[in-house]
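Please keep the sequence and the coordinates at hand while reading.

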Amino acid sequence: MSGQENLVVVHAGRFGGATTLLRSWLDTRSPDGHVVAHLIGPDPAAGEAHYWSCVHEALVAAASARPALPSLSGRGGAADSPGDPDAAFGLVLDALRHGTRPLTLLLDDLHLLSDPVGRTGDLLAAAPAGGLRILGTTRAAAPWAARGAGVPGQKVITAPEVVFEPTEVAGLLDATRSAIDRRSTEIIHQLTEGLPGLVAAVCASVPGSALAAPTHLDEHVEAVIHHEVRRALDTAFGPGPARRSLALSAAASPLTAASAAPLVDDPGAFLSLLDASGFAHPTGSPRDPEWRFPRPVRSSLLRTCREEAPTELHDYRLELVRHLLDSDSPAHALTVAGDLEDWPLVVRIARENLHVLYTRHYAVTMTDEVLARVPAHLLADEPDLERLRRVHHTFSGPPDVTSRDGLPAPLPPDGQATTGDEDGQTREWTTTIIRALELRIEGDYAGAVRLCDDLVSRPTPEAETIPEANRDPLGFAYTHIGISYIMTGRFTDAIAALRRAPRVTTESLVHRDVAGKLALVHTVLGDLHDARENLTEERRHPALPAATEILVRPAGDAAAALLALERFDLDTASGVLGDLGPPGDHEEFWGFVLYAWGQFHLAAGTPGQGLRFLDAHQPRFAPLHTDGAVVVPLLQAVRADLHLACHQPDEAAAALSGSVHPLTSAARARLLLLTDDPRSALDLACEALRDPASTTRVSLELELVAAAASLATGDVPRARHHASAAVLTHRVSGLDAPFRTLPAAVGDRLGSLAPDLPTPPRATGPGFGTLTFHADWQFMTSEEPLPRPVEARLTKREREVLLELATDASVKQIAARGYVSPNTIKSQIRAVYRKLGVSTREAAVAKARSLDLF
């Protein structure tokens, strides 16, 4: 809000705390030299004329308190035009035109105006000679989405940006309460989703004893949320029919004009009322708008319906099921039928839409887990649905719980329903893919791959000859075939299957999902150009609903973190991994996420933390840590390197015990080299380099081990040969990280043999680069590294962010350009400030210019 835009509008819902944001800005950020006039908390029932009269009075008060505007006595006061909005607004314009100093005008609740965009445009046109800046809030997004682009210098801060982070919740609690358990912050943030209005109400109302010992804190928080939502509902609508219609509309997610039709006679007017009320926020395009309620608000509204209108809620949900089925949205229809607990209806919907529910609508169907709640006896004659019920039970339960009491034995792959109609092949593929998914989730990757091999071996028509209705299911089938191949390390087959999926379907979810998976595969292989191209493609697609993001996002995020580590951009990597967090219980790519965390701790010089992280999370996935799973050698390799970095060669040897996998060959050779057996290290490295299964990344690491081992055995020409081969691989692939696996002294010696050998930056923390050679090696050194100048301490990404800061770009804009989250950018900005020794954007830019950094 303290940027350069002349109009900043904060669009937040009823519980978004936008008014509090204005008050906070007024108290802490008033700019020097500016007159500040404000209208905060206007009476919503007083009318627009009263609104502008209050603004006029605020201008008069500001002028008398600080003579930036002429005296307005004699020009007509607020009482001269109590019922005429245009006349009251004219007084405000007249006051502005006669101003001389810069003015900042704070206008709360712009949604109370009949034409907020037009009125703010007129205010800017009548700006005083010193300039005018307007900071406003609104609950209604529609006017700004439809017409806001016509206002120059406008910035709209949307609802997702006006939420508290967990650290802000903790700060609010610390400021108001004395004894607080750390878990209280997490519980409050999770249940309120960070909505400032709800967070503030919870912090003010929950007993201190519950915050100090949060055993039953969730009950207190949910009670406060329900009280606040009920109170807001009563305040906004009273006891009339609009109140009940709004509460019932929460059953539809998302809510559209079509899904609102069974509730009200005029859906358009109702949605306009909903938009102005601030209970829901709009999504979708301006042509096809949708509204979604924040989860805690929706839960409270549905609770109100169950208490006050259970019959109407039941009937409306039945209408929604009909509407959603007619609108080709069977996944959402299945969800609503599950909310009804009408299990025969759930079974019918699932049976009739099986081939799209678990292909085109896979993300929605899997996250809603409706079939997991269906009574088992209703599926006795439904083998495909019973198989899916097993998948849901496995998917929804913790992976380290091996007991499946109450679940039937796995169903054999035979008995697949093959129909004689034109969709028979598609339905058979769908059934087979569901079976493969079941095996994959249970850890039987070999069994899943056998089914996929059978499908891939069959002749398939060209994409343009496939009927339109069958394209999406086949696209999702190829996606899941590719995932099965990834899990077993058959990366070439995975790439082929994943590349076929987008050619079959135009479904955006498939394109994004495939791009993220391909980015990860290419990153692990060491093909960085293809990895970056696919990551760019993944980030080009819009964000998905949160539940779908959980399924789709981790592979791309793991790739993004590993690519950042290639640049030694620890801030970006930590931001990506921090947003991703530890792998969830249901995360198929859990092993790749743990691998990325391990590589991060290696690069950051915190190998002990890396080992503790793996020890904390890897056991949860023990049933999936099976032979044939590619994550086994990946995690063995990174765990061994972490032990080596901690000077624990025996533990490193134990981590690699029995492994002959190509993905561990570099780690095994490094272990031999760093335990003073260079001859064996050289033999192993040369043998592994002849293995066609070695990836580009592993091959580069092996060349470096061979070069160092050759030096240790006194074979300088051979060392030069392997070092030159490493340089060539680097030029082709762009890989940098492997060069940080050598101690600096060894890297310097090899660099004298191959002058183009990269010398990437190194962390200075304890443990990094402690892949340390035996103490009597002639090229070891005990010299401390010299302090680096600022321009060397800043990473490439930090310098890019610093340049963005100089352009006055917002955090959101910088994040969008870099394909990362705003939290990542905030972390990078903090790192820039720390390294430059400053605390503000302006000081950072000034310091950078004084150091000729740009």
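Asp-109 sits in the loop that runs between strand E3 (103-107) and helix H4 (116-125), where helices (H or I, at least four residues) and strands (E, at least two) are DSSP runs numbered from the N terminus. The model is a predicted one, in which local features need pLDDT of at least 70 and side-chain atom pairs count only at pLDDT 80 or more, whereas totals for chains, interfaces and linings use all residues. Residues are numbered from 1 along each chain as its sequence is written, and side-chain values use heavy atoms, with hydrogens and water left out.

Although Asp-109 is not a glycine, its phi is positive, at about 55°. Most residues other than glycine have a negative phi, and most peptide bonds are trans. Asp-109 is buried, with a relative accessible area of 12%; buried means under 20% relative accessible area, exposed over 50%, and partly exposed in between, with a 1.4 Å probe and protein chains only. A positive phi, of about 65°, is also found at Asp-808, which is not a glycine. Asp-808 belongs to the loop between helix H39 (796-806) and helix H40 (811-818), and with a relative accessible area of 47% it is partly exposed.

The peptide bond from Ser-253 to Pro-254 is cis, its omega being near 10°. Pro-254 is placed in the loop between helix H11 (241-249) and helix H12 (257-260).

Helix H4 contains Thr-120, a residue that counts as buried at 0% relative accessibility. A polar atom of the Thr-120 side chain lies 3.0 Å from the backbone oxygen of Val-117.

For the chain as a whole, the count is 42 helices and seven strands, and 54% of the 854 residues are buried. Among contacts (heavy atoms within 4.5 Å) between residues at least 6 apart in sequence, 70% join residues at least 24 apart.

The crossing of H29 and H30 is right-handed, a term used when the near helix is turned clockwise from the far one by less than a right angle, with left-handed for anticlockwise. Leu-594, Trp-597 and His-601 of H29 meet Pro-607, Gln-609, Gly-610, Phe-613, Leu-614 and His-617 of H30. By class, this contact of H29 with H30 has five nonpolar, four polar and no charged residues, where Ala, Val, Leu, Ile, Met, Phe, Trp, Tyr, Cys and Pro count as nonpolar, Asp, Glu, Lys and Arg as charged, and the others, Gly among them, as polar.

H30 also packs with helix H31 (residues 631-645), at an angle of about 140° and with their axes 8 Å apart, which makes H30 oblique to H31. H30 passes H31 in a left-handed crossing. On the H30 side the contact is made by Pro-607, Gly-610, Leu-611, Leu-614 and Asp-615, and on the H31 side by Val-638, Arg-639, Leu-642, His-643 and Ala-645. The contact of H30 with H31 has six nonpolar, two polar and two charged residues.

Terms used:
A polar contact is a pair of N or O atoms within 3.5 Å; within protein, one must be able to donate a hydrogen and the other to accept it, and residues adjacent in sequence count only if both atoms are side-chain atoms. Axes are lines fitted to C-alpha atoms, for helices over the stretch in contact, and angles run from 0 to 180 degrees between N-to-C directions. Angles under 35 degrees count as roughly parallel, over 145 as roughly antiparallel, 65 to 115 as roughly perpendicular and the rest as oblique.
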